[in-house]
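Welcome, and please take a look at the structure below. The notes after it walk through a few topics.

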Amino acid sequence: MTTSTRRPHRTTAALACAAAVALLAGACTGSSEGGAKDDASKDTTITFWHGWSQPSEVKAISDNIAAFEKLHPNIHVKVVKNVTDDKINQALRAGGSDAPDVVSSFTTDNVGKFCASGVWADLKPFLAQSHIDPATTFPAAMADYTQYNGNRCALPLLGDAYGLYYNKDAFKAAGIASPPKTLSEFDADARKLTKATANGYSRLGFMPDFHGYESTPTHFLGQWGATYFDKNGKSDLAADPAVSAMFQWQQKLVADLGGFQKLEKYRTGFGDEFSEKNPFETGQVAMAIDGEWRTANLKADGVTFDWATAPFPVPDDQAATYGRGYQTGTIIGIARTSQKQNAAWELVKYLATDTDAVVSFANAIHNVPSTFAALKSPKVDQDPNFRTFLDIAGNAHSSTTPASINGGAYQVSLQNFGYKYESGQVPDLKAGLAGVDKEIDAAIAQAQ
Amino acid sequence: MTDALPAAALRARPTPAARAARRRTALHWIAVHALGVAAALFFLLPFVFLFLTSMMSDQQALTSDLWPHHWAWGNYSKVWHTPGFLTWWRNTLLYAGLGTVLTVVSSLPVAYALAKFRFRGRRIALMAVISMMMLPPQVVVIPMYLFWAKQLHLSGTLWPLIIPMAFGDAFSIFLLRQFLLTIPREYLEAARIDGCGELRTLLRVTVPMARPAIAAVALFQFFSCWNDYFGPQIYAGENESAWTLSYGLESFKGAHHTNWNLTMAATLLVMAPVIVLFFFAQKAFIEGVTLTGVKG
Amino acid sequence: MAALLPVPAALRAKRRREAVRTLAFLSPWLIGFAVFFGYPLVSTLYFSFMHYDGFAQPTFSGLKNWRYVLTSYPFFWQGVRNTLWLVVVMVTLRVVFGLGVGMLITKIRTGAGFFRTAFYLPYLAPPVAATIGFAFLFNPGTGPVNHLLGTLGLPQPGWFTDPSWSKPALTLLALWGVGDLMVIFMAALLDVPREQYEAAELDGAGAWQRFRFVTYPNISPIVMFAVVTGVIQTLQYYTQALVAGKVASGIIGNSGQQFEPGYPQGSTWTLPQMVYSLGFQRFDYGSACVVALLLFAVAMAFTALLLRRRSGLMGAED
């Protein structure tokens with residue numbers, strides 16, 4: 001018996017030792033450090049990751065890259081398309097030779113994470129060396145959403161602005177002369193435009209449900225200019241009257257248009273957002289909140305009705321701010337692990353600040369240009385329906401969702417709350433929002 | 001035995017009691033087969049719908065018409081020629097093929113030792129195998145990912161998924177051991193008396209006898225690699241040229257939002273090899289499943 | 001006891017040879033076990049007490065991650081509830097349906113081969129492909145299932161897009177792939193001695209009584225096995241839930257948006273998805289390891305059940 005009990009002990013001990021050794025190895029998880037010691041005039045190849053995938057978009061970006069390579073014959077760019085933030089995050093942590101030098105992301109959500117963790121390199125030295133002042137180069141909201149706590153690790157690469165799309169034929173038929181400017185006008189128009197049937201609608205004025213594609217809490221809150229965090233960085237949704245006002249407005253509109261159940265049922269008949277089956281394009285809804293890219297889709301899909309764009313209406317008590325909207329955009333930066341940061345900067349600088357590059361790219365993919373110079377350029381698409389969005393982007397009241405250390409998690413928390421609220425599962429709005437505040441603060445504390 | 005019963009029941013000229021009994025049997029036959037057809041519809045109709053949709057034009061795939069207006073075989077070649085699709089195929093074959101070979105080679109000796117050697121700690125070892133088999137892969141993924149990505153710089157490749165298979169796979173070890181237990185000791189003794197070492201006994205006697213189990217293990221492993229989504233998502237996700245079909249298929253859907261016809265064609269192209277392989281190896285497969293179901 | 005007696009040198013040498021031989025045969029797996037199970041498990045425990053984002057060096061943070069996951073992380077308990085739902089409903093239905101189909105296949109006389117293949121085939125469909133296929137079939141607006149329900153005048157649920165229908169839709173997907181259980185039950189049913197049925201019939205037992213007193217006692221270990229492995233599989237439930245959420249929400253790859261699992265409204269969150277989301281989306285490796293350890297504990301508890309009940313798992317010789 002003695003021998004038979006001793007042996008397993010030894011094996012266990014050996015296993016534990018092996019595990020401990022391996023553990024120590026695992027704990028030394030230093031990351032490879034990049035640097036700006038490369039010579040950007042030497043022959044070199046850099047890797048650029050972006051998220052665009054549609055053929056027209058991919059072509060636009062490769063045209064841009066080709067123009068860059070002509071200007072810098074010594075720098076070759078290897079382009080990798082169709083990359084999401086998850087992959088960027090993961091690859092930059094892993095380091096390695098396949099990791100990108102220049103990265104771009106479709107959302108501004110992760111700027112806080114990218115900047116605070118140092119995943120993206122600080123651009124201040126590069127900007128100083130190239131004599132670029134972000135405050136005079138980029139519109140305020142765009143300059144703001146590309147930095148976090150004074151740490152500038154990204155530049156805007158085209159932007160998106162949100163406004164109102166409306167069906168002019170439906171407006172005419174309903175006797176509405178001009179697009180609504182305040183939310184009470186908007187609500188009245190939405191009711192007028194709605195044609196209810198026994199158990200649905202033959203047409204809906206507006207889809208207010210938070211799942212109705214772009215009709216999310218954060219997009220609506222752009223009309224109130226919500227700030228999300230107080231000056232100590234604590235979530236202040238419950239304290240901010242704008243947030244409660246938005247939810248109350250949405251709830252009332254949902255009730256006015258037939259109630260949540262009926263609207264949700266109608267919503268499941270919507271086709272995919274990015275297709276010709278989009279409910280605004282099919283005429284299922286007469287008004288929609290959407291980004292500037294929809295102007296291009298509407299043209300490409302050849303819709304049969306007459307449509308136009310306008311800023312989304314604002315709350316009645318803030319009528320003076322009409323013209324504002326929610327703003328976001330694509331961002332570009334340099335991987336901290338990159339060994340070729342100087343060459344990478346040349347590309348970033350070109351894509352984000354060269355007026356011709358920004359304008360031609362914006363025109364090609366129908367996004368809002370992201371520099372003052374480009375916004376003013378006569379070469380920008382002059383279509384009035386598109387210009388609506390340039391004006392929204394240039395509006396001083398336009399706002400964005402601020403960067404947070406844990407990315408867009410706070411927006412997701414708010415959105416999840418919105419779904420609960422609109423389906424009637426939240427009896428007390430204030431208490432509910434206080435709960436969301438707590439959840440957001442806990443997640444931020446956990447990330448620090 | 002009841003194979004030809006309904007026909008026979010009609011032909012015979014029996015007593016009333018026997019007739020009633022036969023009618024009952026016939027009714028029983030009808031009831032069972034009606035249920036069978038209903039179940040078969042449940043299992044097969046989704047395939048039919050997927051196939052029909054894959055044959056439609058872009059527009060029709062979004063309508064309520066179930067039958068293609070004209071058969072768009074071109075959808076399949078469109079999918080086949082999607083950039084990346086061939087690479088995903090190659091990667092999946094590499095992952096599944098290499099993984100299967102490595103698993104069988106490394107698992108067989110372990111299973112043999114567990115089934116046929118008497119040694120202290122055998123029970124513990126077996127329990128450890130079963131525990132590992134039941135372990136959700138997500139439990140250890142964080143340290144494993146850090147290990148492969150940060151120590152060995154192998155993220156963006158499939159090697160973090162292939163290399164571990166050279167060190168035995170718990171499920172394969174278990175299944176092989178279950179089968180090896182059924183090989184009578186006398187065969188192995190005979191081989192030993194003939195002067196074979198253990199390794200030669202394993203190769204000369206056990207392997208030929210265990211061929212069905214080895215085939216089953218190989219098939220299971222091949223399928224599990226082919227179907228794997230989590231592994232490629234974690235390790236290969238960042239590098240499109242290392243994607244496998246399962247992972248690539250998801251992004252294909254993303255790129256073709258409303259083109260359900262193309263997505264369904266791609267989906268069927270990913271299913272096809274598995275199904276074809278199954279038809280060739282049906283017997284081994286079903287035996288394998290039965291083995292895992294464990295005979296006491 | 002034998003070990004206590006003096007052992008002749010020759011026998012000792014033989015034993016040593018045998019031990020070396022055993023070790024040699026086991027070596028691939030011993031290495032695999034240490035490197036791919038032992039080490040990461042210890043390491044997971046270690047990281048669960050560390051704050052680590054993959055960039056800065058890990059720092060000790062005590063129970064912070066544990067507290068966060070158990071009290072503040074909004075999805076943890078929702079994920080636990082979802083898992084319980086799946087364990088109760090999905091596992092039960094799969095076992096019942098698998099047994100039913102298994103019994104049916106043993107009764108079918110004509111075209112048995114065809115039926116067996118037809119019933120088994122969906123099990124083989126790669127999960128990603130099968131899930132995308134189902135997301136299409138059950139697409140509320142354009143899918144054939146709702147068209148069919150509509151023509152029959154039945155309600156048309158939102159399936160994968162409706163929080164109260166998403167788990168039932170996943171259950172249907174799981175029932176479609178019931179082939180593995182069907183084959184296991186089929187084999188078990190064919191092993192039930194015929195004489196017992198004949199004896200029961202002589203006693204005048206009806207169909208239900210035959211099932212209750214003959215079939216069930218004979219196959220109950222297999223039912224137990226199916227239930228326990230079903231529970232363990234459910235704890236691992238990942239691919240179908242994640243892919244269904246991505247497809248139904250429309251947030252896949254190219255949209256550039258980050259997909260948070262659980263769509264719609266967190267109704268499809270499961271623990272493995274939390275490990276992924278915390279670890280590879282939020283890069284909070286510490287909290288991910290906490291969830292991983294809890295998942296490990298539950299999975300091992302059920303594995304212990306499997307080992308204790310034997311279910312023939314350990315084989316006749318042990």
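A salt bridge here is a side-chain nitrogen of Lys or Arg within 4 Å of a carboxyl oxygen of Asp or Glu. The model is predicted, so local features need pLDDT of at least 70 and side-chain atom pairs count only at pLDDT 80 or more, while totals for chains, interfaces and linings use all residues. Residues are numbered from 1 along each chain as its sequence is written, chains are lettered from A and ligands numbered from 1 in the order in which they are written, and side-chain values use heavy atoms, leaving out hydrogens and water.

**Where chains B and C meet**

- The count between chain B and chain C is one salt bridge.
- Chain B brings 107 residues to this contact and chain C brings 100, where contact means heavy atoms within 4.5 Å.
- Together the two chains bury about 9,100 Å², with 77% of that area given by carbon and sulfur atoms; buried area is the accessible area (1.4 Å probe) that two parts lose on being put together, summed over both.
- On the chain B side, B:Phe43, B:Met134 and B:Ile142 lose the most area to chain C, together 8% of what that side buries.
- Ten residue pairs between chain B and chain C are in polar contact, both residues at pLDDT 80 or more. A polar contact is a pair of N or O atoms within 3.5 Å; within protein, one must be able to donate a hydrogen and the other to accept it, and residues adjacent in sequence count only if both atoms are side-chain atoms.
- α2(B) gives the largest share of the side of chain B that touches chain C, 17 residues; helices (H or I, at least four residues) are DSSP runs numbered from the N terminus.
- By class, that side of chain B has 72 nonpolar, 24 polar and eleven charged residues. Ala, Val, Leu, Ile, Met, Phe, Trp, Tyr, Cys and Pro count as nonpolar, Asp, Glu, Lys and Arg as charged, and the others, Gly among them, as polar.

**A covered helix in chain B**

- Helix α6 of chain B (residues 141-151) is mostly covered, with nine of its eleven residues buried, meaning under 20% relative accessible area (1.4 Å probe, protein chains only).
- Among the buried residues of α6(B) are B:Ile142, B:Tyr145 and B:Trp148.
- The cover over the buried residues of α6(B) includes α3 (85-94) of chain A and α13 (285-308) of chain C.
- After α6(B) comes B:His153, with a positive phi near 50 degrees.

**Two domains in chain B**

- Chain B is assigned domain 1 (5-77) and domain 2 (80-292), with bounds from an automatic or database domain assignment.
- The centres of these two domains of chain B, taken over C-alpha atoms, are 35 Å apart.
- Domain 1 and domain 2 of chain B bury about 1,100 Å² between them, 70% of it on carbon and sulfur atoms.
- B:Leu50, B:Tyr76 and B:Ser77 supply 42% of the area that domain 1 of chain B buries against domain 2 of chain B, more than any other three residues.
- Between these domains of chain B there are zero salt bridges.

**Two domains in chain C**

- Chain C is divided into domain 1 (14-66) and domain 2 (75-308).
- Their centres, taken over C-alpha atoms, are 31 Å apart.
- Domain 1 and domain 2 of chain C bury about 950 Å² between them, 79% of it on carbon and sulfur atoms.

Key: Buried < 20%, exposed > 50% of the residue type's maximum accessible area, 1.4 Å probe, protein only. Helix = DSSP H or I, 4+ residues; strand = E, 2+ residues; numbered from the N terminus.
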